[in-house]
Amino acid sequence: MALLEIENLSVTFATSGGEFRAVDEVSLVCDRGEILSIVGESGSGKSVSMLALMGLLPWTATVTADTMRFDGRDILSMSDRQRREIIGRDIAMIFQEPMSSLNPCFTVGFQIGETLRVHLGMGRAERRERSIELLKLVGIPAPEKRLSQFPHQLSGGMSQRVMIAMALACNPKLLIADEPTTALDVTIQAQILDLLIGLQKKNDMGLILITHDMGVVAETAERVQVQYAGQKVEEQRVRELFDDPHHPYTQALLSALPERATRHGRLPSIPGVVPGQGDRPAGCLFSPRCRFATDLCRQTVERQGPEFGYALCNYPLKEGVPTGHPGVPELESAR
Amino acid sequence: MLRFFLYRVALLIPTFIGVSIVAFAFIRLLPGDPIMLLAGERGMSAERYQELQAVYGFDRPYLVQYFDYAWGILQGDFGQSIVTKRPVLEEFFTLFPATIELSLCAIILAVGIGIPAGVLAAVKRGSWLDQTIMGAALTGYSMPIFWWGLLLIIFFSGTLGWTPVSGRISLLYYFEPVTGFMLIDSLLSGQAGAFKSAVSHLILPTVVLATIPLAVIARQTRSAMLEVLGEDYVRTARSKGLAPRRVIGLHALRNALIPVVTTIGLQVGVLLAGAILTETIFSWPGIGKWMVDSVFKRDYAVVQGGLLLIASLIMIVNLLVDVLYGLINPRIRK
Ligand SMILES: Nc1ncnc2c1ncn2[C@@H]1O[C@H](COP(=O)(O)OP(=O)(O)O)[C@@H](O)[C@H]1O
Ligand code: SF4
Ligand SMILES: [Mg+2]
């Protein structure tokens, strides 16, 4: 049994403009010692699906799932109190904006120590010792000095290291990193990613890495699932996904990578945006932006089998060619 | 922090001078003459009037009078009351504890209820509880103090007969003031029932005086909390598996308090202004009532000195609030 199993997770927000389904029947599995990457543009429901797992969504959200099991325990049937015992101890999460994710009014030492006290009941001296150890682990120099500092005295990269130290305080079995490097300088991004991967290996954790950057996926993940407008559109191992993407959206994301874009001479972005509340089309949600879209796509869409990476597409790609597409020759000429 | 503090202290000096000029001018701009008022119904001969004018120095040009007055203050001499003939400073310190006691009780009530009410309203945003609290706060905020005080007296003292109408303690009790705070002195006196009597005298004035600050603090706390509750660090706190009580009461409130402390500081000025009315309604022998009485008697020295002392008090409290603000906001502390 895998560490985390989620089946058909849906999240619906009650908004002033009616119901909005931010996550639509997403399934995922992540085991110990494994890195799963969730990739997709902003607004794809990546954060919301993980916040649903953590129980951190506002009350306007309705969360449903067929299965949500962590370490063999059913999360859906847990009371809030039971879930709080797991959250922060066995499942930890770090966020996109490290600077604003730390509380400006408390010292680094207090914020790390708090987790140790609440979950492990450590005393003062023990907490201090463990906090220093954690800061060393995440590569912060002069950790004793950092303990008494406030977040505004830290740089973005340093703040994210502190966040990671805090998340690792109780040796979690699963770490969720929600775009951990997006807000950081390019030079720092690689360092933080390396740190995360190193710690994941060392602690034999499961790591769910959320990103909108295929470049990050290439360097870190073992398995990827691509999410679009709240739906999982494809799922493959990294190598296979890069070699042979089955969903047109994945293909578009890959060709938006800087190194590939220059090779094909295409613009490094997909025209259009992820449809939000109110502008979701019928049928395939990607159809307004898909170059293979047909009338059928605008009415309905079908989930493929494992041979196509469970692609949510009527004409899954095979080596770049849409299988069963009626107008392939015309597309060939468009290339 | 030290530089910031010294700067603020230095700023007190021009403010102090400004207030002394305003206080000096204010009482002289009012029509009426202190000596004629002193004479009362009987009136006074022209010679005697001239004589008294000379005695009090009112016959000199205003500028000379002002500098004479300012020179006295620099030496710690605030002059003496034309009515009681006692030094202004002495009268001030006799009456001051009564005002402090009332104001302290009011601010404790306002903070003690205002902050929890604001937090509750923010956490239960949009609920009937939120609407009730905010409705009450709006009512309290726009409550005319005088009318509100009379209403409470009519109901609690008149109809129900629960609380006394005026003063600080029942005439049955007498003891020499030790601290000047009736709650403490009545306990120290050891007289049975004295403390209870002091409390019952204090309740209504405290409620009346606390009403506006309470409403302001509750509203400010609510809006500060609403803002803070959406912050990333609150989500982080929840992601650590902390109980909601700790997330709201520690992580969120600690940040929300930063603007609230400033508001509380500003309320001290409002409070002292309110104390003048409240003391008048409840015949509370504090500096507010003293000021009002003195204005009616055109007791120049008392009004000048009293206003200056009250203004200094407000300035010092604001300074303390700024220091406190620096202490609770790590981004200012150095
Ligand atoms: N509290 C909320 N109320 C309503 N809609 C929300 C809320 N949080 C997120 N959404 C919507 O859900 C969608 C998915 O958001 P999110 O999971 O943050 O995307 P991302 O993939 O960029 O992490 C977005 O369209 C967003 O506007
Ligand atoms: S279903 Fe049609 S529109 Fe949607 S991704 Fe596949 S080809 Fe494109
Ligand atoms: Mg996100």
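Helices (DSSP runs of H or I, at least four residues) and strands (E, at least two) are numbered from the N terminus. By that rule chain B of this predicted model has 13 helices and zero strands. The largest pocket has a volume of about 1200 Å³, and the whole structure holds 21 salt bridges over all chains.

Residues are numbered from 1 along each chain as its sequence is written, while chains are lettered from A and ligands numbered from 1 in the order in which they are written. Because the model is predicted, local features need pLDDT of at least 70 and side-chain atom pairs count only at pLDDT 80 or more, whereas totals for chains, interfaces and linings use all residues; side-chain values use heavy atoms, with hydrogens and water left out.

**Chain B overall**

- Along the sequence, chain B reads α-α-α-α-α-α-α-α-α-α-α-α-α.
- Its C-alpha atoms fill a box of roughly 85 × 55 × 40 Å along the principal axes.
- Chain B has 334 residues, and 45% of them are buried. Buried means under 20% relative accessible area, exposed over 50%, and partly exposed in between (1.4 Å probe, protein chains only).

**Largest pocket**

- A pocket is defined on a 1 Å grid over the protein atoms alone, as an open set of points where a 1.4 Å probe fits, with protein on both sides within 12 Å along at least five of seven lines. Lining residues have an atom within 4 Å of a point.
- Grid points are joined across faces, edges and corners, and a volume is the space filled by probe spheres set on the points.
- Chain A supplies at least two lining residues from each of α1 (46–54) and α2 (80–86).
- The most comes from α10(B), with four residues.
- The lining divides into 20 nonpolar, three polar and nine charged residues. Here Ala, Val, Leu, Ile, Met, Phe, Trp, Tyr, Cys and Pro count as nonpolar, Asp, Glu, Lys and Arg as charged, and the others, Gly among them, as polar.

**Second largest pocket**

- The second largest pocket holds about 450 Å³ of space. Its lining has 20 residues, with Y56(B), D68(B), G79(B), Q80(B) and A301(B) the closest to the centre.
- In chain B, α1, α4 (62–74) and α13 (300–328) each supply at least two residues of this lining.
- The most comes from α4(B), with five residues.
- By type, the lining of the second largest pocket has nine nonpolar, six polar and five charged residues.

**Salt bridges**

- A salt bridge is a side-chain nitrogen of Lys or Arg within 4 Å of a carboxyl oxygen of Asp or Glu.
- R21(A) pairs with D24(A), the closest N and O atoms being 3.1 Å apart. R21(A) is partly exposed, at 35% relative accessible area.
- D295(A) and R298(A) meet in a salt bridge at 3.6 Å, N to O. D295(A) counts as exposed at 53%, and R298(A) as partly exposed at 42%.
- R235(B) bridges to D232(B) at 3.8 Å between the closest N and O atoms. About one helical turn separates them, because they are three residues apart in helix α10 of chain B. R235(B) is partly exposed, with a relative accessible area of 23%.
- E34(A), R223(A), K232(A) and E235(A) are joined into one network by salt bridges that share partners.

**Positive phi**

- Most residues other than glycine have a negative phi.
- N8(A), not a glycine, has a positive phi of about 50°. N8(A) sits in strand β1 (residues 4–15) of chain A and is partly exposed at 26% relative accessibility.
- E179(A) also has a positive phi, near 45°. E179(A) lies in the loop between β8 (174–178) and α8 (186–203) of chain A and counts as buried at 6%.

**Surface patch**

- L2(B), F5(B), L6(B) and V9(B) form a nonpolar surface patch with about 360 Å² of accessible area together.
- Patch residues have over 30% relative accessible area and no salt bridge; like charges are joined within 9 Å, and nonpolar side chains (Val, Leu, Ile, Met, Phe, Trp, Tyr) within 5 Å. Areas come from the Shrake-Rupley method with a 1.4 Å probe, and for residues only the protein chains shown count as cover.
- L2(B) belongs to helix α1 (residues 2–29) of chain B. L2(B) is exposed, at 62% relative accessibility.
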